[in-house]
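The following note sets out a reader's points on the model shown below. The points are numbered so that each can be checked against the coordinates.

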Amino acid sequence: MSRITAEVAPPTPSRFGAAARSTPVAMAVIVVGLIVLFGVLSPNGAFFRVSNLSTITLNVAVTMLLAVGITFILAAGELDLSIGSNVVLSSVIAAKVLVAVSGTYDEVRAGEYPDLAIGIVAGTIAAVLAGTIFGAINGLLVTRLRISSFIVTLGTMGIGTGLAYVVSNGVNVAYVPRVLQTSFGIQKLFGVVPYPMIVVLIISAVLWYTLRKTRFGLYTLAIGSSREAAERAGLRSMRHVLMLFVMMGALSGVAAVLDLTRFATTNIGGHQTTALAAIAAVVIGGTSLFGGRATIAGSMVAALIPVILGTGLVILGVPSFYQLIVVGAILIAAVFIDQRRRERLNA
Amino acid sequence: MVLERRAARTSEFVIEAVDIVKRFGHVQALSGASLQVRPGEVLALIGDNGAGKSTLTKIVCGALAPDSGRLAFWGQATSVTSIRHAQELGVETVYQDLALAPDLSVAENMFLGREPIKPGIFGGWPPALDRRRMRQAAEEAIAAAGISTLNSVDRAVRDLSGGQRQAIAVARAVMWATTAILMDEPTAALGTKQTDLVYDSIRSAAKRGLAVVVISHDIPRMLDLADRIAVMRQGRTVATLPARDLTLSDVVTLMLGGKTRGEAA
């Protein structure tokens, strides 16, 4: 049997998931192509400079983290539009806690943070906790009230943003310590890899392993592929979907921490299109919007495309607005090509 | 497992469902349905559309909870609380709609919910699926079921034909069952040759000592395949008789509500 298998099966090693074969590779080719293109076209090879490339990785870190997380949500056939507003709300809460714990009002106003270490720990915990609770609420609404996740998270997107304004009175939290930024947010390992990116890469590796190698990952795909089949096999799909939203919420909390260290301020008006950008990256990367097929590597690589385009166009002196247009076109093209490929497979 | 249960048994029946009642809103799906099957026996469940065959099997396999009635396995009264619970009792089900996840591979589908985990470096940590074992066992089960058209158990179910999917669903049930297999229209989507294959698997499963309950509209084939025929009508089991004593017209008469020669005499 296995001998016959070896002869007839497609040349790709079968241990890579049957579904997500070529898309991540194709995306990697596109990314490398873009880098080479911009590198060659840019004056004095400015695009190739290490500082430029590490700025790109820094700019992509938060989107990449969210894209990796939302890969799981899409894999299960669900959607989460609220992650951007979760990041904003969690960062506001984290900043409030951080500033409150780090010192008295007069101290922080004078730029002194006597209890900075405890403040950072408390702020980080607050961010992840807030994000997790946000995700749990999404998950509970989806699984208990059986409302589609599109609607639930469209609703909580507004609620989260509104709450962030309420908590912060509509202004960014003041006196967030600069040191977050100078000693972590924009720091680079060996002067190349930004610290936030290292966090993102470690989490992504863990999540890649989880999706490809563990029961949790397989169950996510099974539920996305056919919820009925999963339940008939004895899987508890509702509980699993709840856990996915909780996980997504926790990752949004981590993203909030990274955001806070990156800018040393909250970003109340920001992240309005973050969820859509992350979802676009995931779909461009080869994950099915309808569940059942997913690739973490594809999401990570595809998340790079908008940032590379944006930076490259700026260096070439082209208005970066074109980045939006190009990414939109790539999204539509990627989904079209993927559909065609699958139709051919099924024919 | 099977032997242990046999030693402990207090009834000649592996599965005994008595006076099962089930309503869905205004619809009385079952009003006193019964089913009894012995180890090594093939029982055909026959009835018109809406007679309650599928509902009765779903209650036995834990997919639905009955409103009332008695359910026993090996003579032990048991209320099956979930599909997982029924699986633990050794009961496997082949559903009418097959219940396979199209994006997963054949091997993944065959093990879904019961995947082996690699021993791992630190005592099962990190917990990785043992895909090699899944693949081997799936290949063996498929070879044993006589399925020869499948090139690889790594293929996604989406890419398989209806007949192949059916065969996978049956092979999965045969692989896991230790007590009984319930099959809801296992050959509805199949050609003659594939149907024969499924009937062969049913016979060999029964020979291994499993109880097999088959829902089918193919009465002539059931008269040939089954040891006994249970006929359902309007949510009740109206008769359970040895297949060799029955003719096609007897079964049809029972299905439609008349009296058989036996009852009339």
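**Notes on the predicted model**

1. Ala264(A) counts as partly exposed, because it has 17 C-beta neighbours inside 10 Å. Its place is the loop between helix 12 and helix 13 of chain A. Most residues other than glycine have a negative phi. The model is a predicted one, and local features are considered in it where pLDDT is at least 70.

2. Glu185(B), which is not a glycine, has a positive phi of about 50 degrees. This residue is found in the loop between strand 7 and helix 7 of chain B. Is Glu185(B) buried or partly exposed? Glu185(B) is partly exposed, because 19 other C-beta atoms lie within 10 Å, and the cut-off for a buried residue is 20 or more.

3. Helix 13 of chain A, residues 274-284, is mostly covered, with 9 of its 11 residues buried. The buried residues of this helix are Thr274(A), Ala275(A), Ala278(A), Ile279(A), Ala280(A), Ala281(A), Val282(A), Val283(A) and Ile284(A). Just after helix 13 of chain A, Gly286(A) adopts a positive phi of about 115 degrees.

4. How do helix 3 and helix 12 of chain A pack, and at what angle? Helix 3 (residues 50-75) and helix 12 of chain A pack at an angle of about 180 degrees, and their axes are 9 Å apart. The two helices are therefore roughly antiparallel to each other, as angles over 145 degrees are counted in that class. Helix 3 of chain A contributes Ala61(A), Val62(A), Leu65(A), Leu66(A), Gly69(A), Ile70(A), Phe72(A) and Ile73(A) to the contact. From helix 12 of chain A come residues including Leu244(A), Met247(A), Met248(A), Leu251(A) and Ser252(A). The residues of this contact divide into 14 nonpolar, 2 polar and 1 charged.

5. Phe134(A) is placed in helix 6 (residues 116-144) of chain A, and Gly131(A) is found in helix 6 of chain A. Phe134(A) counts as buried because it has 29 C-beta neighbours inside 10 Å. Gly131(A) counts as buried, with 29 C-beta neighbours inside 10 Å. Not counting residues up to four places away in sequence, Phe134(A) touches Asn86(A), Leu89(A), Ser90(A), Gly160(A), Gly249(A) and Ser252(A). The C-alpha atoms of Phe134(A) and Leu145(A), 11 residues apart along the chain, are separated by 16 Å. Gly131(A) and Ile93(A), 38 residues apart in sequence, are 9.7 Å apart in space, C-alpha to C-alpha.

6. In chain B, the 15 residues of helix 6 (residues 162-176) should span 21 Å at 1.5 Å a residue, and the end C-alpha atoms are 22 Å apart, which agrees. Among the buried residues of helix 6 of chain B are Gln166(B), Ile168(B), Arg172(B) and Val174(B). What covers the buried residues of this helix includes strand 6 (91-94), helix 4 (106-111), helix 5 (131-144), strand 7 (180-184) and helix 7 (192-207) of chain B.

7. Which residues touch the most other members of the largest nonpolar core? Of the 179 residues in that core, they are Ala222(A), Ala180(B), Ile181(B), Val212(B), Val213(B) and Val214(B). Helix 12 (residues 237-263) of chain A gives the most to this core, with 16 residues. Leaving aside neighbours within four places in sequence, Ile181(B) is in contact with Glu92(B), Val94(B), Ala173(B), Val174(B), Ala205(B), Leu210(B) and Val212(B).

8. At the interface, 30 residues of chain B are in contact with 30 residues of chain A. On the side of chain B that touches chain A, helix 3 (83-88) and helix 5 of chain B are the elements that give two or more residues. The residues on that side of chain B divide into 14 nonpolar, 6 polar and 10 charged.

9. A last point concerns Ile117(B), which lies in the loop between helix 4 and helix 5 of chain B. Ile117(B) counts as partly exposed, with 15 C-beta neighbours inside 10 Å. Ile117(B) and Lys22(B), 95 residues apart in sequence, are 39 Å apart in space, C-alpha to C-alpha.

Terms used. Residues are numbered from 1 along each chain as its sequence is written. Chains are lettered from A and ligands numbered from 1 in the order in which they are written. This is a predicted model: local features need pLDDT of at least 70, side-chain atom pairs count only at pLDDT 80 or more; totals for chains, interfaces and linings use all residues. Helices (H or I, at least four residues) and strands (E, at least two) are DSSP runs, numbered from the N terminus. The expected span of a helix is 1.5 Å times one less than its number of residues. A residue is buried if 20 or more other C-beta atoms lie within 10 Å of its own, exposed if 12 or fewer, and partly exposed in between; C-beta atoms are placed from the backbone. Two residues are in contact if their C-beta atoms, placed from the backbone, lie within 7 Å. Ala, Val, Leu, Ile, Met, Phe, Trp, Tyr, Cys and Pro count as nonpolar, Asp, Glu, Lys and Arg as charged, and the others, Gly among them, as polar. A nonpolar core is a set of buried Ala, Val, Leu, Ile, Met, Phe, Trp, Tyr and Cys residues joined through C-beta atoms within 7 Å. Axes are lines fitted to C-alpha atoms, for helices over the stretch in contact, and angles run from 0 to 180 degrees between N-to-C directions. Angles under 35 degrees count as roughly parallel, over 145 as roughly antiparallel, 65 to 115 as roughly perpendicular and the rest as oblique.
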